[in-house]
Amino acid sequence: MRALEPLAWVGPAVLLIALVVLWPVIEMIRSSFLKISRFGIVQGGNGLANYEKLFGEKDFADIMVRSVVWVVAVVALTVLISLALAQLFNQHFPLRKIARWALIAPWAASVLMTAIIFKWMLDPEVGVINQIRVRLGLIDAMGGAAADQLGDASTAMPWLVFVAVFVSVPFTTYALLAGLATIPSDVYEAARMDGAGRLRTYWSITLPLLRPALTVAALINVMNVFNSFPIIWAMTHGQPGYSTATSTIFMFILKGSDIGESAAMSVVNFGMVIVLTVIFLKVSRWNKEVT
């Protein structure tokens, strides 16, 4: 009986994981092989037809490439900016507490609300950003094609990336700040005694010792950004066409016409998250000890 005692503690957690994680994944995979009407009525098996239809979509390849570029761009910029901010906020300077609290604001606000606010700011008719551009002489007038920055993928995607970075930086910065707090001060004292400069100290001591926190923060960002929905949907709906859609947005759009194909897209997304996570962990060498 004593051997079964751990089950009383582990059992509820295992059951919760099975209900919240495993069962939806199984249902998702099962649904991808079914023919389901747009009203959710199962009409029988469909074999690989959902996947064949999905891979046959003319925009599928572009959407998948865009999804990878979206993740890499947002995560890379987030990490670089957060490294700089974490190093800044780890120093002592006047009003540091206020600056740290101000950094929390984008994180505390709803992502959807933030995206909607930026969409209003970019409105071609009344948006404050375009009003500033008019006054600076960057565009001739409001309401024209030049003012509609979300109406063209070449200008919309940079704004989407900017908003995604804007809402991701606070969490990442605080995660790195926590990592910096664990680095013992005597390590830096030893480096100074050896004559190491600031850049050399940061590269050879801070970054290696910060790697565990950096790996966790970046990995969470990879998964969150890949599955990000509110920012793109609120600002562009993936339009014009599918030119700003990622695989998550495409999956949601497909749900309105073909649930089976949407389920197939969900399975592809699930596989992509796993692949990106494995690649990231391989590149980051997360299981290598810092020497």
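A word on terms: helices (H or I, at least four residues) and strands (E, at least two) are DSSP runs, numbered from the N terminus. This is a predicted model, in which local features need pLDDT of at least 70 and side-chain atom pairs count only at pLDDT 80 or more, while totals for chains, interfaces and linings use all residues. Residues are numbered from 1 along each chain as its sequence is written, and side-chain values use heavy atoms, with hydrogens and water left out.

The overall picture next. The chain has twelve helices and two strands, in the order α-β-β-α-α-α-α-α-α-α-α-α-α-α along the sequence. Its C-alpha trace spans about 80 × 75 × 30 Å along the principal axes.

Now the annotations. UniProt positions are in the numbering used here, with feature names shortened, and annotations may be inferred rather than shown by experiment. The unreviewed UniProt entry places "domain: ABC transmembrane type-1" at residues 64-280. That span is 75% helix and 0% strand, and its end C-alpha atoms lie 17 Å apart. The entry also annotates "transmembrane region" at several stretches, including 159-181 and 202-226. Residues 159-181 are 100% helix, with end C-alpha atoms 33 Å apart. Residues 202-226 are 100% helix too, and there the end C-alpha atoms lie 30 Å apart.

The expected span is 1.5 Å times one less than the number of residues. H9 bends by about 55 degrees at arginine 211, with proline 212 following within four residues. The bend at a residue is the angle between axes fitted to the seven residues ending there and the seven starting there.

H7, residues 153-181, also has 29 residues, and reaches 41 Å, close to the expected 42 Å. H7 has a kink of about 35 degrees at valine 169, shortly before proline 170.

On to packing. The axes of H3 (residues 60-89) and H12 (residues 259-284) come within 12 Å and cross at roughly 35 degrees. Axes here are lines fitted to C-alpha atoms, for helices over the stretch in contact, and angles run from 0 to 180 degrees between N-to-C directions. Phe60, Met64 and Val68 of H3 make the contact with Met265, Val268 and Met272 of H12; contact means heavy atoms within 4.5 Å.

Last, the loop between H10 (230-235) and H11 (247-255), where proline 240 is found. A cis peptide bond joins glutamine 239 to proline 240, with omega about 0 degrees. Histidine 237 lies in the loop between H10 and H11 as well. Histidine 237 is not a glycine, yet has a positive phi of about 60 degrees.
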